[in-house]
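I opened the model and wrote down what I looked up, in the order I looked. The entries follow.

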Amino acid sequence: MNKINLVLLLILSVFGINAAENVSWTYSIKGNNTTTPSLEITANIASGYHLYAVDNPEGGGMPLDIQMDFKGCAPVGPLRPDHKPTVAYNDIFEVNEHYFSNKVTYIQKLKVLKPEFSVQVEIRGQVCNDNGCAQVFDSFTATGKGPVTTENNDKRTDTQDLKNDQKNKEAVLLSAELNMMDSLQSSETLLPGVNNSNVDTSDWWRNVETEMKVFEKEPSQQESSLLYIFIAGFIGGLIALVTPCVWPMIPMTVSFFLKQNKSRGKAIASAVIYGISIIAIYVLLGLCVTAIFGASALNELATSAGFNIAFFILLVIFAISFMGGFELTLPSSWSNKIDSKADATTGYLSIFFMAFTLALVSFSCTGPIIGTLLVEAAATSNFVSPAIGMFGFALALALPFSFFAMFPGLLKSAPKSGSWMNTIKVVLGFLELALALKFLSVADLAYGWRILDREVFISLWIVIFGLLGIYLLGKISFPHDSRTEKIGIPRFLLACISLAFSIYMLPGLWGAPLKSISAFTPPITTQDFNLYDGSVHAQTDDFDAGMKLARENGKPLLIDFSGFGCVNCRKMEASVWTNPEVKEMIDNDFILVSLMVDDKTPLPEPMVVTDTGGKKRTLRTVGDKWSYLERTKFGSNAQPYYVVLNGDGKPVSGSYGYNESISSYIDFLSEALKNFKLEKQQVSK
């Protein structure tokens, strides 16, 4: 399979097929009321789809992962399927993949240790067909009974039984916030030198949404966030408009409408319908993305290390394509089929199919822009963000078709297609390459690899934008470039900007904040050699340790819910926290704790909790734990998210979201500090 199909597979994997419709799960306990029952987990796979096996080799599709937590029973032997998987060579990944079709049952034999037992199961995997793949997720709890007597329990001497029984007793099982706090208190994650005796921690993890509503004064940032997504989409549409895939289509399409319709009014109406169809297609794409994944899942996907690595690879492939390495197109059969539909139909329906054809044939230029926009929209955790972004993108794309149909005379003055359009593609290639590093950085930070620290990231950007400036000066050429004897003034000015930008980034190698690109660079805490001392650093990255430290020092706790992949978090840290007054207040008057919701560091023991919807889920990483805290205690799922608590874990002010106004942030801190001091005075009286 060639590189183009590889790109298509990656894209379809990102935007997904609906896994819930193509694989369903059932379970049962066989041999109930015996000492050796079995748990059977069955996957019913839709026709044409396949589910990767547990033992699928590394380098292939995502293997099935079945996690089980045992209560009152112990596993006997490994988890086994009821039949052997299909083994077939995948020419994309160049490995023999193991997968199941139609149906497979995984069987786990059990040994009963108590009269009643249960097994909590969490399933993750990947279901695929020839058109794409989707992530699989399901969870359930299977319960059963066994004839285990007290005498048998007392006389257990088998080493494996004792080990499993002890593990069950020590597991951190959290069905509510109070139980979770009790288990965390016993985990002894305390700071050295802090007196933790006689500390009442029962309220630390309780929900405080009601208390916070008393302090909330400002409207949420949702409207401004949606406006930002719309503007980003509109700008993306303008960029896509001047690419070789779209710009030449404008005069061709407008001329077609003018020739097909005898009256100018009908030609304008057709062009307007054409533009509306473009908008409808892309907005529908945005709605489909949200409907498939859901708003909260989109945010988790955007901060997923695996997803960011996949998108890094995807953007590098797009960059190589833009620079002329190969031509990236969707299968011609797709566009031919849609084109034939347009020819076979009449009226407004044929115009809609024409718009659909444009969306397909322009994919090589619009695909990277759309993908990047959808990722940015996903990070907002808002259900309508992808649709709003796609509306802005499609509006910018559709306006010229309607505009030039209304004023066809202006087509003569519009720039003609030429080598300048290939130059735009190459420039976009450089920008895609730079942006790809951002996604790799997110995964690097989440897993703590430390291969792309801040100075390494900045060094690569200096090289990329330096080479872009040299290219614009005509000193470097790519396969599809025409010979450049003279360069125009706009191109020369862009070269100057690119080279100046590279020089601007040089001080960042020694710790300069570089506020204009702080949203993209890794945190300054990853810098090995730093001469800058104006940064704000958290005293701890653990909530419970921060609470204890705040009580010991008699200060309020400032919680910073952040993420390694959070662009707006980096903006706040570089633009607001570096302000001398803000820095002084945080350093002197607060205990700052930064909680990364996408931290992939494994917890010492998985934690079973009851989420806000009443569904049990297992927390396996540090990021899972802090994300759960933010949702259940504060009812929020956005980053950055700031809140100030007193020593009892209760808020002393409203929350603060993304807002780069320094004065507003100072007001937020001042109000919290004032309320905290008033509370202390009332308690002392």
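Which residues does glutamine 527 touch, not counting residues up to four places away in sequence? I found Arg454, Glu455, Gly508, Leu509, Trp510 and Gly511, where contact means heavy atoms within 4.5 Å.

**Ground rules.** This is a predicted model, in which local features need pLDDT of at least 70 and side-chain atom pairs count only at pLDDT 80 or more, while totals for chains, interfaces and linings use all residues. Residues are numbered from 1 along each chain as its sequence is written, and side-chain values use heavy atoms, with hydrogens and water left out.

**Glutamine 527.** I placed glutamine 527 in the loop between helix H18 (489-505) and helix H19 (543-553). Helices (H or I, at least four residues) and strands (E, at least two) are DSSP runs, numbered from the N terminus. Glutamine 527 is buried, at a relative accessible area of 8%. I use buried for under 20% relative accessible area, exposed for over 50% and partly exposed for in between (1.4 Å probe, protein chains only). Its side chain makes a polar contact of 2.9 Å with the side chain of arginine 454. The side chain of glutamine 527 also reaches the backbone oxygen of glycine 508, at 3.0 Å. A polar contact here is a pair of N or O atoms within 3.5 Å; within protein, one must be able to donate a hydrogen and the other to accept it, and residues adjacent in sequence count only if both atoms are side-chain atoms.

**Whole protein.** I counted 23 helices and 16 strands. Of the 685 residues, 49% are buried. Taking contacts between residues at least 6 apart in sequence, I noted that 74% join residues at least 24 apart.

**Cores.** How many residues are in the largest nonpolar core? It has 29 residues, and those with the most contacts inside it are Leu315, Phe430, Trp461 and Met505. A nonpolar core is a set of buried Ala, Val, Leu, Ile, Met, Phe, Trp, Tyr and Cys residues joined through side-chain atoms within 4.5 Å. Helix H11 (305-322), helix H16 (419-447), helix H17 (454-472) and H18 each supply at least two residues of this core. H17 gives the largest share, nine residues. Another core lies apart from this one and has 28 residues, including Ile41, Leu64, Cys73 and Phe140. I then checked phenylalanine 430: leaving aside neighbours within four places in sequence, it is in contact with Met323, Ile464, Leu467, Leu468, Tyr471 and Phe478.

**Rings.** I listed 24 aromatic pairs, counting rings of Phe, Tyr and Trp (its six-membered ring) whose centres lie within 6.5 Å. Phe457, Trp461, Phe465, Phe501, Tyr504 and Phe520 are linked by ring pairs into a cluster. The charged end of arginine 491 sits over the ring of tyrosine 471, 5.3 Å from its centre. For this, NZ of Lys or CZ of Arg must be within 6 Å of the ring centre and within 35 degrees of the ring normal.

**The loop between H16 and H17.** Two residues here got an entry. Leucine 452 is in this loop and is buried, with a relative accessible area of 4%. Leucine 452 touches Leu437, Leu440, Ser441, Asp444, Phe457, Leu460 and Pro522, not counting residues up to four places away in sequence. Arginine 450 is in the loop as well but is partly exposed, at 43%.

**Positive phi.** Most residues other than glycine have a negative phi. I noted arginine 450 with phi near 60 degrees, a positive value. Asparagine 33 has a positive phi too, near 65 degrees. Asparagine 33 is found in the loop between strand E1 (23-30) and strand E2 (38-45) and is exposed, with a relative accessible area of 52%.

**Two strand residues.** Not counting residues up to four places away in sequence, serine 562 touches Cys569, Arg570, Glu573, Leu595, Met596, Val597 and Gln639. Alanine 74 lies in strand E5 (residues 73-81) and is buried, with a relative accessible area of 1%. The C-alpha atoms of alanine 74 and valine 112 are separated by 6.6 Å, and the two residues are 38 apart along the chain.

Technical notes:
Rings of Phe, Tyr and Trp (its six-membered ring) pair if their centres lie within 6.5 Å; planes under 30 degrees apart count as stacked, over 60 as edge-to-face and the rest as tilted.
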